[in-house]
Amino acid sequence: MADSKVLLEVRKLSVEFSGFQALTDVNMKIYEGELRVIIGPNGAGKTTFMDLVTGKTTPTAGRIYFDGADITKKSASEIAKKYKIGRKFQGPNVFDNMTVKENVEIATEGYEGLFRSIFFRKTDAFKERVNQILREIELYDYRHFMACDLSHGQRQWLEIGMVFAQNPKLIILDEPTAGMTAEETFKTGEMIKKLKGEHTIIVVEHDMDFVRQVAEFVTVFNYGRLLAEGPLEEVQKNPEVIAVYLKED
Amino acid sequence: MRERLKKIPVNKYIDLALFLFLVTFPLYQKTYWIYVMSGIMAYMIFALSLDLLWGYTGLMSMGHSVLFGAGGYMVGISCAYLSEASWIKYDRLPWFLTPLSSEIGAFIMALVVPGIIALFIGLFMFSGKIRGVFFSLITLALAGIAELFVINQSTYTHGDSGITITSRTVLSNSADKRMTDFGFYFVVFAFLLAAYLLCVLLMKSRTGKVLKAVRENESRLQFLGYKPASFKLFIFVVSGMMAGLSGVLFVRVQGSINYTAIGINLATLVLVWVAVGGRGNLTGAMVGTILLQVAETILNSTFSNISADFAQYWKLALGVIILIIVFFIPKGFVGTLVEAEQRRKDRNRKERILRKGGVNGNG
Amino acid sequence: MSLSMLSQLLVSGLSGSFVLLLTSLGLVIILGYMKVVNLAHTEMLMAGAYICYYAFQVAKLPFVAALAIAFAASFLFGVVIERLIICHFYGKMSETLLATYAISMLLKQGALLLFGKNYKKVDYPTSEVFTFGSVYIESYKVVLVGISILVLAFTFFFIHKTKIGRKIRSTTQNRSMTECLGIDTKRVDTITFSYGMGLAGLAGAAIAPISTVTYSLGESWLTNTFMNVVMGGVSSLFGTFASSVIIQESISVISGLSNSVTAQIIVLLVVIVIVRLKPEGLFTSKERR
Amino acid sequence: MKKSSKFTALLLSLALLITGVGACGKGTSGDATKASSGDTIKIGLVFSLTGGTAISEQCMYNSALLAINEINAAGGIGGKKIEYVVKDYATDADTAVKVVKDLILQDNVKAIVGLYTSSSRIAVEPVLEEYKIPLVYPTFYEGEKPNPYVVYTGCVPNQQGDYFVPYLMDNVSKNFYLIGTDTTYASIINDQAKTLITSLGGNVIGEELVSSDTTEFSDVIAKIKDQCGDQGCVIYCNLNGDSGTSFYTQFSAAGLSDNYTIASFIMDESFSTALGKAAVGTYACVNYFNTIDTDANTKYLKAYSDAYGADSAKAVTAVGESTYDAVYLLSKSLEKCGADITTDNILKNFDDLTFDAPQGTIQVDPDTHHIYCTARVGLVQDDGTIKIVYQSDKPIKPEPTK
């Protein structure tokens, strides 16, 4: 994988919340087209890491480079719009009292500016793209439903669909299968696998079955530090990782 | 055709009925009711402007009257200056009010000044972390300050007496060109229709969707690449200008303006109108305004002969109405109707999906 | 402005600060610990003032008894209102604002119909005047300062040292966790809200002698109390105290320099600017929330 | 089914609105026939039954009703009973405009009696001009160029301040400190007083306008004390409503020396009885105090006390008496009109009209439509009554534009 281009790189990333060291000296590289799974016990700093990359929080030290540019202190909206990093949050985070279709339309890339959105008219291509995404996430029949009326799993898919609609270079999925039935989880896994290759994807996940389904290359976090990194089989044999997970149980 | 009709939501039918009613209203009513209804229509524009802000974007401004009053006062000051009202002691207007020395200038200022005020308040609030309830509290305080301010600036605003206006046209400030109540009714109606259409277009556009998304989940929106602050600022300015317009029309109908038009009382009253009608669908704002205002006027003229304390009972009743609304129909009259329709449609769709046996169809 | 006048202004500003503190405290408790904006707060001041009038002026009870009755009655009213109305709207900002506004209207119009529009006058419980050189202060104002310090101290004790206070704080910080510990958070909510309402009633009774008791008494406190809370931050009693002093002293001194209307406008605008720069309040407590 | 529900919604909302407003349309026509039926004459009454000045206007409202009932009991106006419609303008000029339009267009009244604040009078004047309906304004006020549609039955500054200031300078102090509510009325009154005080050789030490919801006066009192020192001064006080009462209370509590005296136009029996101790020693000046010893006054107070109780009768004020006069003067003017009740006739018939009022005989000046009246200065006594300490020799000609 070393031959393909580095898309995201973090160097010596640290963050501290009023005395609490949430992340310490993390170095990491994500290559273009990769599907990376991040695992780790609760409070390991996985979500904090996502927050830093997407501009929700600013680091106390260290730098983040994306596609060659330094995005360390950029705002969330700039990171999403200019650098094209899409993020799905932990637990479905959608626009509840809007229809499924509206949710996807809002997310569709290219019209985020105020003036462009005022004079925006739906083109056939736009409509087609929205419909295509709705079909991919199997919500086409539900497109006129309010997002709050969907089942939990459907809301998760909706948010995944919204991230696709952004057409990002990097997709970050924070626990995409949380609260899903086994069948839904499997479907989600297939959805993600289908995307692999076209997009670069980071998935944070607890569900080890799901991880086995999709993962090739895994990063393990613990206590705000990067514990191990490598192909799934290798990491599973790592005694440190086993210790952490055994302790967890 | 039938399909298209089916797709139109129920509130649009109510809108149609409402406008049909309003346009025929003066044909069979007496001058008094034409005058009252003109005032109510001006208030309806005001309620619409608040609905854009509160119903769609989720910004509960408790001081929207500041913008209404600002528009009204621009016209008031201009009228007083041009007609050389007896209380005027100054020789000329300060530089920033000089456009008020022409009739058209006054109208433009009445739209621009509330816009600018909204721009400043908005820049100030939205660039900081002021949101939610603090936005409401600060706008409430602003209304309080505005009331004190206009009373204090009596050189231009004539203090607590307010300004009396003799003309009843949108542009002219002279008493000679006064229109009849009947004629002016249609001027206000035209503005209401225009304001309504503007709101419909705006809210149907992508911007409208983004604003709804701001209401639903502002922080999520950032991660889709939007800057919520600029959208909020935009709608605040648009809403402010509309409020200014309604202020102008109301002052022209009423023939006077004073500090109550800019203060807390009106600011909270308009919230009640929108809440009763239902927020976030334009129709509710208009229906709420017309229902409450017509009810108040009718009850007032019926009961004020029986009990001189009537106004007090009305306010008491209004308190009860608000409680009933927030308890039993929190979405307001129209909002509940719209929701019921949505539910019914959802049910039908669900049945259709089930009939298809969960096969992923193409609609 | 002479030195004696400045010192007079500062002294009356200081006593005014304590009055503002007293009148805002109930609001701070309810907003800070329950995230509920109680628009009926200032009308509770009015209700408290009426209670004071009837208990102290008409029934000739001791003043302390009047304060106690005002607190108790407002507390009970708070229980009723919370159980009947407020508890249904937690977390719904617009609905809470509308509901509390409706309550405020009912209180105000109810008072108007019940007590009429005539002014009621409550005599000063203590009528001496203290003079220090050219500076004077009515003894009752000193009493008011005492009352507000007592109330502040008691509230601090209540919130931080008692068992119920701990429950209130833990409910604010993590409701579901608190529920898991077997604490009835609904009851905690009721107590918090009622305590805030009770304080408002008490404050109303305490300020009755220095104001004119009438149904519109609440209006004149609206902007000042709310701005005070916004500026002081909602989670710390000290912040409220500090911002009371800042607001009232500046109003006092500026109105000495120009006039009270200008002072009011300037101070409120400055408060708004401060809130913009420090949206979480000027003196937020160090607690991690 | 879907379509029908939509049509129901459409029809329902249409029906609701049309019936709602149609009902009131009917009400209008019903009233119109009643008014033109000929056995009654309809007049409008406009007072603040709520709002900041409600306490002052309660007595006006009571007196108006008293006068109407007396006139009707005595056979009405040429056999026709007076029918009245009351509106509350809540101390708000905008509301005043609305209710006056309501009275004119909806109730078709022949004339209107009422209003207290100057701001409301100024605001409704254009409405009166547009619809040509007369207003009888029963409050003492700051003076203006007389409006052709208004008849004024209160006194104006040349019947009030012009006697008050010299009296205070001779008997109390030459130093004045002016304070007032930030209103048109108070600022004009204070300006007039300033001119008068300087021209008579007195000193205006300071002036202060406060917002109408001010209830905390320690800063103002501090200022007064600082600027006047031991020599004291007359505090020329035109605070109204809540802030007025707060000021009196705090002023008396502040324990300033006897060299400080409050003098106020707004001080009247309603305040002096409500304030108790705090008002004692305050000077007031108006054309009527209820301690006036005339037969008409005794009769008026007796009737008032029978109707509203003895306690209320103690708080009868000058504006109340003026309203009583206003209704009587209006009835006399209407009586002169006979069958031909037009606005022009009503207004014309006010010329030189006289009435044996509780304050003494009053006469309407034909040029200005104000009344000739006697200027009186009163001092609040321990029991809350106001004792007359000075009165002009004869009724004074009104000069509203002076």
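A residue is counted as buried if 20 or more other C-beta atoms lie within 10 Å of its own. In this predicted model, D:Leu135 has 24 C-beta neighbours inside 10 Å and is therefore classed as buried. D:Leu135 belongs to strand β4 of chain D, which runs over residues 135–137. When neighbours within four places in sequence are set aside, the contacts of D:Leu135 are with D:Ile112, D:Val124, D:Leu128, D:Tyr149 and D:Val150. D:Gly161 stands 26 residues from D:Leu135 in sequence, and the two C-alpha atoms are 25 Å apart in space.

Burial was also examined for a helix of chain C. Helix α8 of chain C comprises residues 185–207, 23 residues in total. From the first C-alpha to the last, α8(C) reaches 33 Å, close to the 33 Å expected at 1.5 Å a residue. Of the 23 residues in α8(C), 19 are buried, and the helix is thus described as mostly covered.

The fold of chain B was considered as a whole. Chain B contains 14 helices and two strands. The C-alpha trace of chain B spans about 80 × 50 × 40 Å along its principal axes. A compact globule of 363 residues would have a radius of gyration near 21 Å, and the 22 Å found for chain B agrees with this. Of the 363 residues in chain B, 59% are buried. Among contacts in chain B with a separation of 6 or more, 79% are between residues 24 or more positions apart.

Five pairs of chains touch, and the pair with the most contacts is B and D. Chains A and D, in comparison, are joined by no contact; the closest C-alpha atoms of chain A and chain D lie 17 Å apart.

Between chains A and B, the contact takes 29 residues from chain A and 26 residues from chain B. On the side of chain B that touches chain A, the elements giving two or more residues are α9 (206–222), α10 (228–254) and α14 (332–355) of chain B. The most is given by α9(B), with 10 residues. By class, this side of chain B consists of eight nonpolar, nine polar and nine charged residues.

Note on methods
Residues are numbered from 1 along each chain as its sequence is written. Chains are lettered from A and ligands numbered from 1 in the order in which they are written. This is a predicted model: local features need pLDDT of at least 70, side-chain atom pairs count only at pLDDT 80 or more; totals for chains, interfaces and linings use all residues. Helices (H or I, at least four residues) and strands (E, at least two) are DSSP runs, numbered from the N terminus. The expected span of a helix is 1.5 Å times one less than its number of residues. A residue is buried if 20 or more other C-beta atoms lie within 10 Å of its own, exposed if 12 or fewer, and partly exposed in between; C-beta atoms are placed from the backbone. Two residues are in contact if their C-beta atoms, placed from the backbone, lie within 7 Å. The radius of gyration is taken over C-alpha atoms; the globule rule is 2.2 Å times the number of residues to the power 0.38. Ala, Val, Leu, Ile, Met, Phe, Trp, Tyr, Cys and Pro count as nonpolar, Asp, Glu, Lys and Arg as charged, and the others, Gly among them, as polar.
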